[in-house]
Amino acid sequence: MDRAGAGQGIVPAMKNLSGKQIVLGLSGGVACYKAAELCRALVKEGATVQVVMTDAAEHFITAVTMQALSGQPVYGSQWDTRQPNNMPHINLTREADAILVAPASADFLAKVAQGRADELLSLLCLARPAQRVPLLLAPAMNREMWAHPATQRNVAQLRADGAVVLDVGRGDQACGETGDGRMLEAHELCDELISFLAPKPLSGRRVLVTAGPTYEAIDPVRGITNRSSGKMGFAIARAAREAGAAVTLVAGPVHLPTPRGVHRVDVVSARDMQAAVAAAIAQADVFIATAAVADWRPAQSAEQKIKKDGSGQTPQLYFTENPDILAEVAQSERARSGALYCVGFAAESHDLLAHARAKRERKGVPLLVGNIGPATFGQDDNALLLVDAQGATELPRASKHELARQLIAEIDRRTPGVAGKS
Ligand code: C5P
């Protein structure tokens, strides 16, 4: 095995919230049950979590549960005497990296929008040093309450005051109705917080990513595809988004959730992918082609299923070459002038460095990322070899998410002159 590949131990996954102090506030709502899972997820990511609950929240979940999950005593009252100076609203916020209120009820949003402070959670939201300690609110309520002009007015006011009001989910509600207003799931909230706290070196930049395989139809029920899972490309889209970029992800047929905040365009064939890339490329500063685009497609796709006729004769399939999306983009005026930075991927089975070098030349891209296909397809981890004009850099085996972050940092380092970068 050559450079980036097997034989290297997996670098333990970095915890995304290591060293972060998070105040997790719960106001009253059925979604409190998700706060338990959220607390666990935050702790698992390395955060120190201080839970603060309103009286209403304690009707839905106990402080005992939240204390056990956070490993810290829960606060619920501004009159709590456990703090030597008797000022929990000050002490709990001065060292915090963020306050996340989940669930944030309609009443709680109204309170914070008005600057009221008659219980500990709203009091500490008001008392936090607003320039330093961001406030994230995860609304949770019945759809009529969410849609009510009073709530929407409060949300607008909160945003104007600098709070981050997160999206709501859509679906079945505890009251039996269906619509907008569900609190996001615990893992979505955890991702939102990780993304919010991540440095933003790509802020103002636009990144276009292709990911996954393509599917080339032989007839209406059969086709040619490959074993690409799309995981590496989706991880790159997520990492670029976390780094502050506006991200469009053109995805072949894969079963992966869209990273939060990423604009996804689903495609099937190489030609669909080519069209989707062509439509988006003028708005991109960086193009990262991770997709495993089929090299060939059947010259003709039968309109009806090709039937076995019992004669023992096999159908003759003729192939035609697919467009090379990356090479086309890399030859464009914007790419050649340096306004668009192109990154290609190479999935090889052997001689990675030699193949990656050759592919970089052939595709005409400044950066080519090599990986060993059979060792990574469908896996959650990978190892990368970055080849540019200066030489080769190894990113040792790690989770695809971690590698994606490192790759984004490498791209950032190599693109000082791209529009939008200060
Ligand atoms: O030639 P090969 O398929 O190995 O090149 C791999 C790189 O080129 C990847 O970045 C892939 O996304 C891109 N590619 C493409 N269009 C093709 C074939 C490959 O964009 N038709």
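Predicted model: local features only at pLDDT ≥ 70, side-chain atom pairs only at ≥ 80, totals over all residues.

Guide: The chain has 15 helices and 19 strands, and 50% of its 422 residues are buried. On the charge side, you've got 45 positive and 44 negative side chains, with the centres of the two sets 2 Å apart.

Now for the salt bridges: there are 28 of them. Take Glu188 and Arg260, whose side chains pair up at 3.6 Å, N to O. That pair links distant parts of the chain, 72 residues apart: Glu188 belongs to helix H8 (residues 186–197), while Arg260 sits in the loop between strand E11 (246–251) and strand E12 (263–266). Glu188 is partly exposed, at 21% relative accessible area, and Arg260 is partly exposed too, at 27%.

Next, look at Lys359 and Glu348, which meet at 3.1 Å, N to O. Lys359 is in helix H13 (residues 352–363) and Glu348 in strand E16 (residues 341–348), so this bridge ties together parts eleven residues apart in sequence. Both Lys359 and Glu348 are buried. There's a network as well: Lys111, Arg116, Asp118 and Glu119 are joined by salt bridges that share partners.

Finally, Arg82 and Asp80 form a salt bridge with their closest N and O atoms 2.6 Å apart. Here Arg82 is partly exposed, with 44% relative accessible area, whereas Asp80 counts as buried because its relative accessibility is 13%, under the 20% cut-off.

How values were computed. Residues numbered from 1 in each chain as written. Heavy atoms only, no water. Helix = DSSP H or I, 4+ residues; strand = E, 2+ residues; numbered from the N terminus. Buried < 20%, exposed > 50% of the residue type's maximum accessible area, 1.4 Å probe, protein only. Lys, Arg positive; Asp, Glu negative; His and termini not counted. Charge placed at Lys NZ, Arg CZ, Asp CG, Glu CD. Salt bridge = Lys/Arg side-chain N within 4 Å of Asp/Glu carboxyl O.
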